[in-house]
Amino acid sequence: MAKVACTSIGLHRVKPFHFRPHQTTLHFVKPSTNQLNNLGKYQRLYCQADPKTGDCCQQNSESAVKEKSSIEPGVDTEISKAEVSPPSTGPAYPTRDFNRRVALVSVLAAVGLFSSQRLDVGVSLKDITAAALPYEEALSNGKPTVVEFYADWCEVCRELAPDVYKVEQQYKDRVNFVMLNVDNTKWEQELDEFGVEGIPHFAFLDKDGNEEGNVVGRLPKQYLLENVDALAQGKESIPYSRAVGQYTSAESRKVHQVSDPRSHG
């Protein structure tokens with residue numbers, strides 16, 4: 001009688017074996033260390049032949065695997081899990097429809113940003129002047145007033161136009177905004193009255209027409225915003241009653257004749 005090593009591939013070499021009559025059941029032989037290392041490639045089932053039938057490994061593969069797992073759970077359990085685990089499908093790639101949506105959102109965001117920037121850059125002194133209230137009307141409607149003395153050739157005036165426009169749009173229902181062109185001889189008296197020496201010159205008047213303070217030249221937007229907010233709330237004083245930044249001298253103004261006496265610019 002011989003001992004046979006059976007595998008899923010075929011029969012290997014025959015080894016000597018001494019038969020024991022009383023042993024009629026299957027007996028699994030523990031593989032060596034070298035054989036355990038090769039379990040990843042070949043799963044071997046070691047058994048002894050039945051003395052009556054001479055057959056080897058009559059049990060089906062399912063029962064054999066269960067018995068083997070009960071004998072060596074540490075090794076076979078890990079192998080069984082590895083065999084049952086589904087293959088990895090890899091990362092999910094975006095579809096063409098998803099890419100189109102992302103591109104559309106990006107384009108809309110870019111257009112919105114571009115439009116907002118164009119709005120700031122596109123605001124000019126002429127736009128603010130066209131929306132300004134006549135000086136005489138502002139002094140008689142019972143609202144506080146912001147008077148800006150400016151000139152079309154004033155670089156600082158043009159630079160601050162977007163900030164002035166934003167503040168005006170925010171408070172136009174509660175505060176009057178008046179634009180007076182220093183080139184217009186019609187406003188010579190107001191130039192002297194408010195002591196305009198540099199432009200842009202912002203004068204802040206309460207609802208009765210009394211001057212609360214003034215700021216001149218290039219200053220942070222916060223100066224104008226906080227002063228206008230104080231006027232809108234009817235406070236007794238403004239945060240910046242006298243502040244001077246970089247300005248253009250009013251002495252450089254180009255005086256011209258008034259073409260329209262009704263013009264407030």
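Six of the six residues of β5 (145-150) are buried, so this strand is largely enclosed by the rest of the structure. Buried means under 20% relative accessible area, with exposed over 50% and partly exposed in between (1.4 Å probe, protein chains only). Strands (E, at least two residues) and helices (H or I, at least four) are DSSP runs numbered from the N terminus. The model is predicted: local features need pLDDT of at least 70, side-chain atom pairs count only at pLDDT 80 or more, and totals for chains, interfaces and linings use all residues. Residues are numbered from 1 along each chain as its sequence is written, and side-chain values use heavy atoms, with hydrogens and water left out.

Thr145, Val147 and Phe149 point one way from β5. Val146, Glu148 and Tyr150 point the other way. The strand belongs to an open sheet of five strands, in the order β6-β5-β8-β9-β10, with mixed pairing. β6 and β10 (242-244) stand at the edges with a single partner strand each, so one side of each lacks a neighbour in the sheet. On average, neighbouring strands are turned by 15° against each other, direction ignored. Two strands pair if DSSP finds at least two bridges between them.

β5 and β6 run parallel and are joined by six bridges. Tyrosine 150 has asparagine 181 of β6 as its bridge partner. From β5 the chain crosses through α7 to β6, a right-handed β-α-β crossover. Right-handed here means that, with the strands pointing away from the viewer, the path from the first strand over the helix to the second runs clockwise. On the β8 side, pairing with β5 is antiparallel over five bridges. Threonine 145 stands opposite leucine 205 in β8. The bridge partner of leucine 205 in β9 is glutamate 211.

Two helices lie across the sheet strands. α7 covers β5, β6 and β8, running at about 155° to β6. α9 lies across β5, β6, β8, β9 and β10, at about 20° to β8. Axes are lines fitted to C-alpha atoms, for helices over the stretch in contact, and angles run from 0 to 180 degrees between N-to-C directions. The buried residues of α9 are Leu224, Leu225, Asn227, Val228, Ala230 and Leu231.

The largest nonpolar core holds 44 residues. Such a core is a set of buried Ala, Val, Leu, Ile, Met, Phe, Trp, Tyr and Cys residues joined through side-chain atoms within 4.5 Å. Val146, Val147, Phe149, Ile199, Phe204 and Val228 touch the most other members. α7 gives the largest share, seven residues.

Key:
Contact means heavy atoms within 4.5 Å.
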